[in-house]
Amino acid sequence: MRLDKLLSNMGFGSRKEVKKLLKAGSVRVEGKVVKDPSIHVQPELQNVTVHGENVEYKPFIYLMLNKPKGVISATEDMEHETVVDLLAFEHALYEPFPVGRLDKDTEGFVLLTNDGKLNHELMSPKKHVKKTYWAKVRGVVREEDITAFKAGVILDDGYKTKPAELVILTSGEISYIELSITEGKFHQVKRMFQAVGKKVLELKRLSIGPLALDDSLETGMYRELTEDEVVLLKNHQA
Ligand code: URA
């Protein structure tokens with residue numbers, strides 16, 4: 001990778017600003033001052049420093065965000081705040097994007113990454129990655145709904161859902177449930193409850209595959225996944 005591209009990607013400014021840094025003799029590769037922005041470096045193997053500080057290179061970033069209501073699961077939106085708007089510059093510069101979408105009024109776990117391969121694998125219908133949701137539902141959720149969701153329900157467009165696991169937390173005029181699904185049709189959870197005559201009032205995603213939303217993350221907050229969590233996620237769908 002070109003040295004100026006590496007430094008720019010790592011947050012040391014635009015290519016023009018990086019050029020200035022280089023010209024000033026602030027950058028060393030393997031201990032030697034380098035002024036040529038076009039030289040190629042292997043950041044995984046070679047030691048690059050700026051003002052004597054190591055440039056820690058990582059090609060990918062993996063973030064766990066607790067999305068608040070009202071925020072859009074996209075990288076850009078003309079009207080509304082997006083999940084990417086919630087990120088600090090040092091993370092946004094990796095240009096991560098959300099893996100799958102939550103509705104604007106849904107809260108909870110959004111995974112953001114710039115790792116296209118992982119995104120593809122997590123989103124592949126063939127991988128059946130389980131996502132678990134908590135929901136507040138208007139209507140009495142009963143044993144028969146557990147059976148119906150297990151068998152698959154017919155959505156408003158005629159699609160029959162794959163087996164899903166419903167756990168009733170409390171049942172009443174307003175019920176609280178957890179639902180695990182292995183697919184991601186548009187408004188799927190809301191439409192599944194609609195199919196059994198109930199209405200989702202609040203929805204929060206709790207987990208994606210083997211990873212649960214860190215309950216120390218307040219809404220709107222995020223953190224990087226640990227290396228172990230990244231491995232867990234990658235192996236999960238291997
Ligand atoms: N199902 C829904 O209905 N909405 C979401 O945001 C996610 C799953």
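**The ligand site**

Mentor: Surrounding the ligand are Leu102, Asp103, Thr106, Tyr133, His187, Gln188, Val189, Lys190 and Leu203, each with a heavy atom within 4 Å of it. This is a predicted model, where local features need pLDDT of at least 70, side-chain atom pairs count only at pLDDT 80 or more, and totals for chains, interfaces and linings use all residues. Residues are numbered from 1 along each chain as its sequence is written, and side-chain values use heavy atoms, with hydrogens and water left out.

Trainee: How many of the shell residues are nonpolar, polar and charged?
Mentor: Four are nonpolar, three polar and two charged. Tyr counts as nonpolar and Gly as polar in that scheme.

Trainee: Which backbone atoms lie by ligand oxygen or nitrogen?
Mentor: A backbone N or O atom of histidine 187 is 3.2 Å from a ligand oxygen. For valine 189, a backbone N or O atom lies 3.1 Å from a ligand nitrogen. A polar backbone atom of lysine 190 is 3.1 Å from an oxygen of the ligand. The cut-off for a polar contact is a pair of N or O atoms within 3.5 Å.

Trainee: How much of the ligand does the protein bury?
Mentor: 96% of the 240 Å² that the ligand exposes when taken alone, by the Shrake-Rupley method with a 1.4 Å probe.

Trainee: Switching to domains, what does the assignment give?
Mentor: Domain 1 (3-54), domain 2 (62-125 + 214-237) and domain 3 (130-208); such bounds come from an automatic or database assignment.

Trainee: Why is the ligand said to lie between two of them?
Mentor: Because domain 2 and domain 3 both give residues to its shell.

Technical notes. A polar contact is a pair of N or O atoms within 3.5 Å; within protein, one must be able to donate a hydrogen and the other to accept it, and residues adjacent in sequence count only if both atoms are side-chain atoms.
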